[in-house]
Amino acid sequence: MRRRDVLLRGGAALSLGGLANCTTSPAPQQTIPSMLQSAPVLPLDAPMAPIRSSFDRVTRTIVGLRPFRKPGPRLEAVKLGNKHVVHNYGHGGGGVSLSWGVAELAAAMVKPHGQRDIAVLGCGAIGLSTALELQRAGANVTIYAAEFPPYTTSNVAGAMWNPVSLFERDQVSPETLDMLHQASRIAFYRFVRYANDPRYGVYWIRQYSLSRRPMSTLYPYMGGDDLYPGLVRNRSGGGPFGSPHWDGYYTLMIDPDIYLRALVNDFRGAGGQMVERTFESQDDVARLTEASIVNCLGLGAGKVFEDEEIIPARGQLSVLLPQSDIDYGYVGRFADHGLLYSFPRKTGILLGGSVGKGDWNLEVDQSEVERMVNGHAMLAARV
Ligand SMILES: Cc1cc2nc3c(=O)[nH]c(=O)nc-3n(C[C@H](O)[C@H](O)[C@H](O)COP(=O)(O)OP(=O)(O)OC[C@H]3O[C@@H](n4cnc5c(N)ncnc54)[C@H](O)[C@@H]3O)c2cc1C
């Protein structure tokens with residue numbers, strides 16, 4: 001077995017009185033420049049070293065299915081028989097980024113029914129952050145999941161802090177957009193606190209969005225421009241790789257294997273239990289002993305809670321050997337090579353750019369590996 005079925009509940013009693021403490025506090029107003037002063041980031045127009053993109057430097061290729069809903073993530077409290085369920089799933093291509101925000105909002109919706117025992121379903125980025133928020137409010141939390149880190153979709157994520165690919169623009173409601181705005185702000189200011197702490201694998205990078213045509217100013221950056229420190233928009237000429245149009249800003253890189261391992265440790269350290277359990281239907285959920293449940297099953301919520309609006313958005317990443325001289329990421333669509341993005345983890349350079357909506361295939365697509373390695377090599381040659 002890859003893990004224990006049941007991990008012992010630790011003795012660390014939480015002193016908070018109960019979930020009444022679990023309120024949504026406004027995101028603290030921090031000063032971005034003061035954060036940047038202490039972060040090792042180069043100016044946006046500093047020279048870029050080339051990524052060494054070649055097949056012999058690929059260490060692995062991984063595939064994951066983003067939990068995508070056309071109307072956007074679901075954050076909603078419902079009744080299931082005599083249980084109180086808060087749904088918190090369907091975060092598409094931005095679940096890691098949003099995690100602390102939707103966790104705080106979901107925890108505020110939990111009704112404790114006079115009990116301190118709460119079940120969280122799912123142990124990805126969303127389940128873990130929700131469980132930690134509930135612990136912070138004084139709850140005894142048990143996470144039930146079929147898979148735990150490092151075997152979740154969240155471990156496959158890039159993961160750059162950028163809450164995008166969350167909904168179809170023509171299907172999202174103003175209420176969901178408001179929720180996502182709020183969640184983005186809460187989440188960003190939580191992640192900032194982890195920056196440059198090697199235990200969590202979160203650190204600053206510079207990031208560029210590249211385009212052959214003028215960058216769109218139609219939609220604002222999710223959560224507000226101030227969450228993208230250093231943001232320069234709609235620049236023409238002088239862009240990375242000779243790109244004619246570009247935006248640039250600083251953001252956080254989250255190495256999910258390191259980060260999720262740290263969250264598991266935090267959760268267990270605060271007395272949380274983790275139980276391996278696969279749910280086939282709502283009846284299985286209804287049989288849990290806890291009266292309050294938060295559903296963070298990601299894509300799995302579709303089958304268990306009969307939500308036909310959630311679909312997979314397949315993604316494939318190839319990881320190159322690390323390069324200490326790469327401090328930047330980028331995303332853009334390029335002639336002959338299509339959508340390409342790269343993120344600089346300290347443990348490796350990520351090559352990505354595949355999004356297959358409705359595609360459940362978890363096998364590696366070799367033609368995508370070739371497209372990425374060759375495409376990023378083409379860009380590196382222009383540095
Ligand atoms: C290639 C790729 C790149 C990405 N890049 C980024 C990025 O740069 N930034 C970003 O923010 N996000 C990114 N994402 C998106 C991100 O990975 C997801 O939004 C996020 O992982 C969703 O988290 P989750 O906790 O809801 O789901 P998951 O991590 O999938 O966790 C779901 C949990 O529920 C459990 N579960 C599911 N069904 C059942 C069941 N029936 N019974 C019991 N347990 C069950 C699972 O075992 C697991 O524990 C990327 C995703 C992919 C695939």
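Predicted model: local features only at pLDDT ≥ 70, side-chain atom pairs only at ≥ 80, totals over all residues.
User: Where does Glu306 sit, and what is its phi?

Analyst: Glu306 is in the loop between helix H7 (301–304) and E11. Those names come from DSSP runs, numbered from the N terminus (helices are H or I with at least four residues, strands are E with at least two). Its phi is positive, about 50 degrees, although Glu306 is not a glycine.

User: What is phi in Asn234, and why does Asn234 get its exposure label?

Analyst: Asn234 isn't a glycine either, and its phi is positive, near 55 degrees. You'll find Asn234 in strand E7 (residues 232–236). It has 12 C-beta neighbours inside 10 Å, so it counts as exposed.

User: How is Arg57 classed by its C-beta neighbours?

Analyst: Arg57 has 17 of them inside 10 Å and therefore counts as partly exposed. Look for Arg57 in the loop between helix H1 (32–37) and E1. If you skip residues up to four places away in sequence, Arg57 touches Arg52, Leu320 and Leu321. Touching, or being in contact, takes C-beta atoms, placed from the backbone, within 7 Å of each other. Arg57 and Ile349 are 292 residues apart along the chain, yet their C-alpha atoms are separated by 9.8 Å.

User: What about the protein chain as a whole: how many helices and strands does it have?

Analyst: It has eight helices and 15 strands. The chain runs to 383 residues, of which 46% count as buried. Take the contacts with a separation of 6 or more, and 79% of them come from residues 24 or more positions apart.

User: How do I read the packing of H3 and H5?

Analyst: Helix H3 (residues 125–136) and helix H5 (residues 256–269) give about 30 degrees, and their axes are 10 Å apart. That makes H3 and H5 roughly parallel (under 35 degrees is roughly parallel, over 145 roughly antiparallel, 65 to 115 roughly perpendicular, the rest oblique). Leu128 and Leu132 of H3 are among the contact residues, as are Leu260 and Phe267 of H5. By class, this contact has eight nonpolar, two polar and one charged residues (Ala, Val, Leu, Ile, Met, Phe, Trp, Tyr, Cys and Pro are nonpolar, Asp, Glu, Lys and Arg charged, the others, Gly among them, polar).

User: At what angle do H2 and H4 pack?

Analyst: H2 and helix H4 (residues 174–192) pack at about 110 degrees, with axes 6 Å apart. They are therefore roughly perpendicular to each other. Among the residues that meet are Trp100 and Leu105 in H2 and Ile186 and Phe191 in H4. This contact of H2 with H4 has nine nonpolar, five polar and three charged residues.

User: And how do H2 and H3 cross?

Analyst: At roughly 35 degrees, with axes that come within 8 Å. The contact includes Trp100 and Ala103 of H2, plus Ile126 and Leu134 of H3. Here the classes are nine nonpolar, four polar and two charged.

User: Which residues are closest to the ligand?

Analyst: Gly95, Gly124, Gly158, Gly300 and Gly315 are the closest of the 41 residues surrounding the ligand (to count as near, a C-beta atom, placed from the backbone, must lie within 6 Å). Strand E1 (58–69), helix H2 (95–109), H3 and strand E11 (310–320) each supply at least two residues of this shell. The shell has 18 nonpolar, 20 polar and three charged residues.

Note on methods
Residues numbered from 1 in each chain as written. Axes fitted to C-alpha atoms, helices over the stretch in contact; angles between N-to-C directions. Contact = placed C-beta atoms within 7 Å. Buried ≥ 20, exposed ≤ 12 C-beta atoms within 10 Å, placed from the backbone.
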